[in-house]
Amino acid sequence: MKFTSDVSGKEFPVKEKVSAKFIRQPILDIIKKEKPAFDDTCNLSMGELNQYREKYITDFLEKELGDLSEMETKVVNALKNKTLLSDNPDDDDDNNTFGQRIADKVASFGGSWTFIIIFVCFLLGWIAINVFVFFNKGFDPYPFILLNLLLSCIAALQAPVIMMSQNRQGEKDREKAENDYMINLKSELEIRMLHEKLDHLILHQEQSLIEIQKVQMDMMNDILARMDKK
């Protein structure tokens with residue numbers, strides 16, 4: 001069996017029928033804005049009700065946060081399309097340029113104990129060769145001006161390379177934070193929609209129980225009437 005929706009005029013299975021009596025007032029107000037003739041005697045389908053629920057959530061976000069930002073819009077679209085938001089920014093590492101990969105490796109190696117040990121050994125070896133082998137008459141005698149120049153050049157080149165890697169890591173952290181925010185927002189909105197559906201089920205069950213009680217009362221009244229006739 002089917003029924004005709006008072007919102008769209010289309011036919012739907014009876015099992016999807018939702019009476020206006022069981023719709024929460026904020027959502028009912030949204031429906032009445034589009035369909036002024038929609039009252040307590042009207043019906044619509046569960047799919048149409050979910051669309052108005054999503055519109056209610058969107059309107060709520062616009063009211064509380066102003067115009068929807070790109071993240072909120074993405075969350076609402078994910079709710080409508082039932083898609084996931086759990087993208088991992090680390091998955092884009094395969095698309096890094098050659099310079100970005102070099103910067104990451106330099107930053108990773110420059111912040112390790114391996115680099116520190118190798119560099120200390122290099123410094124000690126440089127000093128030992130010039131002091132104990134060439135007796136301060138070699139290619140870089142004390143006070144090791146060439147070594148100071150070399151260290152300054154390494155520091156001047158290493159610092160911006162490490163900063164490039166740190167900037168990219170900071171961008172990743174920002175994307176992860178935005179991703180977490182969108183996931184949390186989507187979860188909160190889904191919980192709200194779940195509460196709406198539970199409220200509808202509870203109201204529907206209560207109405208069904210009331211109808212059953214009315215039928216039972218009618219049956220008892222009929223039985224009493226028959227007994228009185230006897």
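Where in the chain does Phe 139 lie? The points below take up this residue after the overall description.

1. This is a predicted model, in which local features require pLDDT of at least 70 and side-chain atom pairs count only at pLDDT 80 or more, while totals for chains, interfaces and linings use all residues. Residues are numbered from 1 along each chain as its sequence is written, and side-chain values use heavy atoms, with hydrogens and water left out.

2. The chain contains six helices and four strands, in the order β-β-β-α-β-α-α-α-α-α from the N terminus. Both are DSSP runs numbered from the N terminus: helices are H or I with at least four residues, and strands are E with at least two.

3. Of the 230 residues, 24% count as buried (buried means under 20% relative accessible area, exposed over 50%, partly exposed in between; 1.4 Å probe, protein chains only). The chain exposes about 16,400 Å², and carbon and sulfur atoms supply 60% of that area (Shrake-Rupley method with a 1.4 Å probe; for residues, only the protein chains shown count as cover).

4. The largest nonpolar core has 13 residues, of which Ile 23, Ile 31, Phe 38, Leu 44 and Tyr 52 touch the most other members (a core is a set of buried Ala, Val, Leu, Ile, Met, Phe, Trp, Tyr and Cys residues joined through side-chain atoms within 4.5 Å). Helix 1 (25-34) and helix 2 (46-65) each supply at least two residues of this core, and the largest share, four residues, comes from helix 1.

5. Beyond its neighbours within four places in sequence, Leu 44 is in contact with residues including Phe 3, Val 7, Val 18, Ile 23, Ile 31, Phe 38 and Tyr 52 (contact means heavy atoms within 4.5 Å).

6. Phe 139 lies in the loop between helix 5 and helix 6 and is partly exposed, at 48% relative accessibility. Together with Ile 129, Phe 132, Val 133, Phe 134, Leu 146 and Leu 149, Phe 139 makes a nonpolar surface patch of about 700 Å² (patch residues have over 30% relative accessible area and no salt bridge; like charges are joined within 9 Å, nonpolar side chains, namely Val, Leu, Ile, Met, Phe, Trp and Tyr, within 5 Å). Helix 5 gives the most to the nonpolar patch, with three residues.

7. One salt bridge is found in the whole structure (a side-chain nitrogen of Lys or Arg within 4 Å of a carboxyl oxygen of Asp or Glu). Glu 171 forms a salt bridge with Arg 174, the closest N and O atoms being 2.3 Å apart. These residues are three apart in helix 6, so about one helical turn separates Glu 171 from Arg 174. Glu 171 is partly exposed at 35%, and Arg 174 is partly exposed at 38%.
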